[in-house]
Amino acid sequence: MSPGPRAVEVCVSDEERAELSRWVSGAVAPRFAERARIVLACAEGAPSSRVAGEVGVSVATVRKWRGKFAAEGMAGLVDAARIGRPKADLVLSEAEREQLTGWARRAGTAQFLALRAKIVLRCAEGGTNRHRGRSGC
């Protein structure tokens, strides 16, 4: 039985070790602290399977962050921008904006229509799906 693929070696500078330790102590979001724990354990020479067990993640996750750190350093641990088609701008005429605003504000408008009007208006203002309000686009 073969031992499997050789793990990527992780070398951590003193500055990186200090920053990763800061991440582990809670200075960043939990997902970054988890990545820092993975890298620090890998830097100690622990195999991916042991690191996975200690941190509570899959071996594939350990391999992913081990490799990203080895290739890109600290920059490899941050979230990359999502890839996708750019969103087209929604441009409303003044008449369209007035009609939608009227539907959104009028008490007699059906709720489904008022909600859709608010969504379109928010999108025209540059709102995104990540907007925490009730009407995003």
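Which residue forms a salt bridge with Arg22? That partner is Glu19, and the closest N and O atoms of the two lie 2.8 Å apart. A salt bridge here is a side-chain nitrogen of Lys or Arg within 4 Å of a carboxyl oxygen of Asp or Glu. Before going on, a word on what you're looking at: this is a predicted model, where local features need pLDDT of at least 70 and side-chain atom pairs count only at pLDDT 80 or more, while totals for chains, interfaces and linings use all residues. Residues are numbered from 1 along each chain as its sequence is written, and side-chain values use heavy atoms, with hydrogens and water left out.

Back to that pair. Glu19 and Arg22 sit 3 residues apart in helix H1, so about one helical turn separates them. Helices are DSSP runs (H or I, at least four residues), numbered from the N terminus. Glu19 is partly exposed at 27% relative accessibility, and Arg22 is partly exposed too, at 39%. On this scale buried means under 20% relative accessible area, exposed over 50%, and partly exposed in between (1.4 Å probe, protein chains only).

Stay in helix H1 and you'll find Val24, partly exposed with a relative accessible area of 32%. Setting aside residues up to four places away in sequence, Val24 touches Ala33, Ala36, Arg37 and Leu40; a contact means heavy atoms within 4.5 Å. Val24 and Ala36 are 12 residues apart in sequence, yet 6.1 Å apart in space, C-alpha to C-alpha.

Now for the inside. In soluble globular proteins, nonpolar side chains tend to be buried together. A nonpolar core is a set of buried Ala, Val, Leu, Ile, Met, Phe, Trp, Tyr and Cys residues joined through side-chain atoms within 4.5 Å. The largest one here has 21 residues, and Leu20, Ile38, Val51, Phe69 and Leu77 have the most contacts inside it. Helices H1 (14–27), H2 (30–43), H3 (48–55) and H4 (59–72) each supply at least two of its residues, with H2 giving the most, 7. Beyond its neighbours within four places in sequence, Ile38 is in contact with Val51, Val55, Val57, Thr61, Val62 and Trp65. A second, separate core of 5 residues includes Leu92, Leu100, Ala104 and Ala117.
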